[in-house]
Amino acid sequence: MKLIKISLLALALLGSLSSMAQKLETSNFKATNEMLAQLPGTEMIDENNGKRAALIKFYTPFPNEMLGFDLGLFQIVGRKQAGPGEVWLYVPERTQKITITHPKYEPTLFWLEGMEAESGKTYTVNLNVEGRDVTLIASANDAEITVDGEPLGKSPVNMHMPLGSHLVRAKLGSLLFEDIVTLQREGETTFNLPMEDEDLKYGDVNIEVPNGAEIWFQDVRQGVGQLHKHLHAGSYVVTTKLPDHEDQTTVFEVEAGKTKTINANPPIPHIGYLSLATEPAFGVTVMHGDSIWDLLPTMQLPVATYDLTFSKRGYYTQQHKFRLEQGETLVDTIRMEKIQYVKKTTGYAAVGFVASGKPGVAFTLGGYYQNINLEVSYNLGLSRSKNVEWFDRELNFLQGEYNYRLDEMAVRAGYQLRFAERFGLTPQVGFLSQRLIAQNKNLPGNGFTQNCLTIDARFSYHPIPHVGFFVTPEYAIPLGNKGDIKDVYKQGGLTRGGFRATIGVSVSL
């Protein structure tokens with residue numbers, strides 16, 4: 001509404017200037033008894049004659065720098081802004097006329113009313129734009145009145161108003177008058193200002209826009225997704241904005257006393273292009289959030305960042321992030337990696353049951369590097385041998401009968417062969433150390449060892465990644481130790497080396 005009034009004022013001023021040329025005018029010129037032109041600090045000396053200059057005090061709304069003074073044959077002694085609305089001009093004695101100019105108005109010729117300025121004398125005069133004394137009366141007592149944006153006090157207001165058009169405003173609470181008042185050289189000087197209740201001219205609007213777009217009103221961000229405004233009846237414009245989108249405007253009408261819902265035009269997304277391919281080309285599922293995408297040779301999409309998930313049975317699931325820019329085409333190929341049930345390079349831990357003459361539980365740690373395998377295992381015996389008789393050889397005296405547990409420590413190396421997706425075969429050779437563990441470490445035979453060379457083949461099956469089942473048939477060839485230890489093995493029912501098989505489960509990285 002204010003913008004409309006200012007526009008009306010501009011048009012009215014143009015019209016008034018075309019019909020009448022505004023000019024400066026002076027009034028109420030008089031000589032005073034003030035001693036300002038004679039006192040130290042406020043006097044000025046005319047250097048041409050050595051006498052005190054006369055002082056003319058102009059009471060005017062114009063600042064000193066906007067005014068021009070021409071004395072004709074005389075020269076101005078000095079001038080200054082003495083205070084708000086007061087310009088002091090020092091002139092030589094015998095000055096009779098002054099031409100006063102302003103860049104916006106026609107100049108005026110000011111005569112000192114048939115007299116000459118006297119040295120050291122002080123004069124006063126009013127300087128304003130040509131106008132008339134008017135009275136502004138609002139329909140509500142005590143309404144605040146402004147003219148061209150300048151507050152003038154409460155109604156009624158008496159003032160000197162320049163000729164031409166002026167924006168006059170009277171306000172008291174919700175009561176308002178705002179319109180153009182034109183003052184002519186002749187005619188009316190009393191203006192009644194009929195006020196109206198502005199509340200009756202307002203309506204409510206609820207502005208909504210999807211996607212959490214920003215709502216800008218009068219060049220200010222005022223809401224996100226929705227906005228409520230109480231506005232004067234009329235036409236308005238809102239702008240909706242989002243990053244990576246083209247701004248959109250919506251024009252709407254506000255009706256006095258009514259509430260309306262406005263569905264604003266949402267911002268239009270900028271467009272980019274995405275061209276994706278997969279290897280293998282078929283059977284790959286592409287997910288964006290909870291939605292499944294059908295990959296096309298070139299997809300036209302809103303500019304944004306896309307987090308896509310690629311999955312296919314038997315392959316590792318992959319996640320890729322793509323950032324589309326306006327007008328650009330992003331091309332990429334997603335190469336799916338098959339799940340490696342039997343891995344070329346990994347580490348593993350295994351536990352298994354050892355089936356042999358004396359069964360045990362084997363614990364194994366190992367790893368593959370480019371299918372080359374190295375592992376270390378420890379076999380904890382689960383049963384004890386038969387009693388073994390020990391004699392004192394010199395006295396041929398029976399010392400006692402003892403039994404033993406058989407523990408084993410082994411190191412093996414081999415090479416893995418992958419002959420199916422979930423099956424592996426690893427031929428291995430190794431070194432096995434069998435150790436007798438007596439009931440008491442001080443008993444004879446405790447710690448006796450039998451070393452063996454081993455040959456085995458590890459068969460593995462992996463139903464799921466990282467977990468596998470295996471069976472390892474193995475043959476151990478004894479190395480040396482044909483004395484006491486051979487007798488202990490024989491009496492205890494133990495086997496030096498020989499055939500065994502381990503079955504168990506492994507967990508890999």
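Is arginine 458 buried or exposed? Select arginine 458 and check: at 6% relative accessibility, the residue counts as buried (buried is under 20% relative accessible area, exposed over 50%, partly exposed in between, with a 1.4 Å probe and protein chains only). Before going further, note that this is a predicted model, where local features need pLDDT of at least 70, side-chain atom pairs count only at pLDDT 80 or more, and totals for chains, interfaces and linings use all residues. Residues are numbered from 1 along each chain as its sequence is written, and side-chain values use heavy atoms, with hydrogens and water left out.

**Stop 1: around arginine 458**

Glutamate 375 is in strand 37 (residues 372-381) and arginine 458 in strand 42, so you are looking at a link between distant parts of the chain, 83 residues apart (strands are DSSP runs of E, at least two residues, numbered from the N terminus). Glutamate 375 counts as buried too, at 4% relative accessibility. Now widen the view: salt bridges that share partners join Glu375, Glu408, Arg412, Asp456, Arg458, Glu474 and Arg500 into one network.

Keep arginine 458 and show phenylalanine 470. The charged end of the arginine sits over the phenylalanine ring, 4.4 Å from its centre (this needs NZ of Lys or CZ of Arg within 6 Å of the ring centre and within 35 degrees of the ring normal). For another case, pick lysine 241, which lies over the face of tryptophan 216 at 4.0 Å from the ring centre.

**Stop 2**

How many salt bridges does the structure hold? There are 23. One of them is lysine 57 with glutamate 86, whose closest N and O atoms are 3.7 Å apart. Lysine 57 lies in strand 4 (residues 54-59) and glutamate 86 in strand 7 (residues 86-91), so this pair ties together parts 29 residues apart in sequence. Both ends are tucked away: lysine 57 is buried at 5%, and glutamate 86 is buried at 18%.

Next, select glutamate 196 and lysine 201, where the closest N and O atoms are 2.6 Å apart. Here glutamate 196 is partly exposed at 44%, and lysine 201 is partly exposed at 25%.

**Stop 3: rings**

Colour the aromatics. A search of the whole structure finds eleven aromatic pairs (rings of Phe, Tyr and Trp, the last by its six-membered ring, with centres within 6.5 Å; planes under 30 degrees apart are stacked, over 60 edge-to-face, the rest tilted). Zoom to tryptophan 390 and phenylalanine 448, an edge-to-face pair at 6.3 Å centre to centre and 75 degrees between the planes. Tryptophan 390 is buried at 14%, while phenylalanine 448 is partly exposed at 27%. Then select Phe29, Phe58, Phe69, Phe110 and Tyr123, which ring pairs link into a cluster.

**Stop 4: strands**

Switch to cartoon. Strand 8 (residues 97-102) and strand 9 (residues 105-111) pair in the antiparallel sense over five bridges (pairing takes at least two DSSP bridges). A hairpin joins strand 8 to strand 9 through two residues, and lysine 97 has tryptophan 111 as its bridge partner.

Last, find the open sheet of four strands in the order 30-29-32-33, with antiparallel pairing. Strand 30 (291-293) and strand 33 (318-323) are its edges, each pairing on one side only.

Note on methods
Salt bridge = Lys/Arg side-chain N within 4 Å of Asp/Glu carboxyl O.
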